[in-house]
Amino acid sequence: MSNSEENKEKKDRHRALAFIKGKTSAREKDIDISEDEIATWPFLIRKEFLAAIICTIILIVWSVLFDAPLEEISDPTMTPNPAKAPWYFLGLQEMLVYFDPWIAGVIFPMLIIAGLMVIPYVDSNPKGNGYYTFKERKFAMLTFCFGFHVLWILLIIVGVFMRGPGWLWFWPWHEWDPHRVVAETNYDLTSLIGIRSNSLPGFMLGGLVLFGYFYLGISFPYRFLKRRKSLAIEKLGFIRYTIVAFLFLCMMALPIKVCLRLVFHIKYTWVTPWFNI
């Protein structure tokens, strides 16, 4: 094969690789971008980078000016009172006051992880992905802020500042008294009407209350929104709506149980031989 034929073959090969039919996906995406939209780079990335730098500077200055609140040297022969978990686990430790250990330590953390995993599958927005402003996602924003900032952070604050010796409640302006004893009488829900919680009628009544809480909490809003022809119901469908409503009711069960315990001294609503709720 001569040199001219080889050059011609290479030239033809390059032309074949460079030839593209139709419009590329990137070009079609550029056509859909409106005048109100801005690119992620550099506008968003620049703000996030500046925010990360500011937070890093604040943490460095804070760590230099203030010492860590360390306690005395650890003594394996003496258990501290109160024995507290690290601050990021104090929310779980505080939930042990209101729920059975199996519920607070296993079920609730699994529901939190499962809820975060199903968000991409139940989240719907007719405008597509990338719209996360409060105006676009009011329910999602309010639910997340309430669940994380109000419930989780509040439980951590209670565990750090409010729980003293014996895991008793102390206000921040009170001095922790290791000899303090509080005689608090708690009742199960069925005991308030004269039915023993560990009996068969108590078991059935407590299960009926729990079933009614989830059934009414799922069915009533669905029928109400369906009657009003809500777009959210049409986008979610029955199955995804049921998942969202179930996770939302599980989250709301925590403040309800806290109020029942602190205000009405109700310990459990359903007592079973295996677990208590």
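Student: Which residues of helix 5 meet helix 8?

Tutor: Keep in mind that this is a predicted model. To read a contact between helices, list the residues on each side. Helix 5 brings Phe108, Leu111, Gly115, Val118, Tyr121 and Val122. On the side of helix 8 they meet Leu236, Arg240, Ile243, Val244, Phe246, Leu247 and Cys250. Sorted by class, this contact has 11 nonpolar residues, one polar and one charged.

Student: At what angle do the axes of helix 5 and helix 8 cross?

Tutor: For a pair of helices, look at the distance, the angle and the hand. Here helix 5 covers residues 101-122 and helix 8 covers residues 231-264. Their axes come within 10 Å and cross at roughly 150°. The crossing is left-handed.

Student: Where does helix 5 bend?

Tutor: A bend is read as an angle at a residue. Helix 5 bends by about 30° at Ile107. A proline, Pro109, follows within four residues.

Student: Which residues of helix 5 are buried?

Tutor: Ile103, Ala104, Phe108, Gly115 and Val122 are the buried ones. They pack against helix 4 (90-95) as well as helix 8.

Student: Now a single residue. Is Gly147 buried or exposed?

Tutor: To decide, compare the relative accessible area with a cut-off: under 20% is buried. Gly147 has 18%, so it is buried. The residue is found in helix 6, residues 138-162.

Student: What is Gly147 in contact with, beyond its neighbours within four places in sequence?

Tutor: Trp152 and Met251. Gly147 and Leu254 are 107 residues apart in sequence, and their C-alpha atoms are 9.7 Å apart in space.

Student: How many helices and strands are there in the protein chain?

Tutor: There are eight helices and zero strands. Read from the N terminus, the order is α-α-α-α-α-α-α-α. Of the 277 residues in the chain, 23% are buried.

Student: What share of the contacts join residues at least 24 apart?

Tutor: Take the contacts between residues at least 6 apart in sequence. In this chain, 60% of them join residues at least 24 apart.

Note on methods:
Residues numbered from 1 in each chain as written. Predicted model: local features only at pLDDT ≥ 70, side-chain atom pairs only at ≥ 80, totals over all residues. Heavy atoms only, no water. Axes fitted to C-alpha atoms, helices over the stretch in contact; angles between N-to-C directions. Helix = DSSP H or I, 4+ residues; strand = E, 2+ residues; numbered from the N terminus. Left-handed = near helix turned anticlockwise from the far one by under 90°. Contact = heavy atoms within 4.5 Å. Nonpolar A, V, L, I, M, F, W, Y, C, P; charged D, E, K, R; others polar. Bend = angle between axes of the 7 residues up to and from the residue. Buried < 20%, exposed > 50% of the residue type's maximum accessible area, 1.4 Å probe, protein only.
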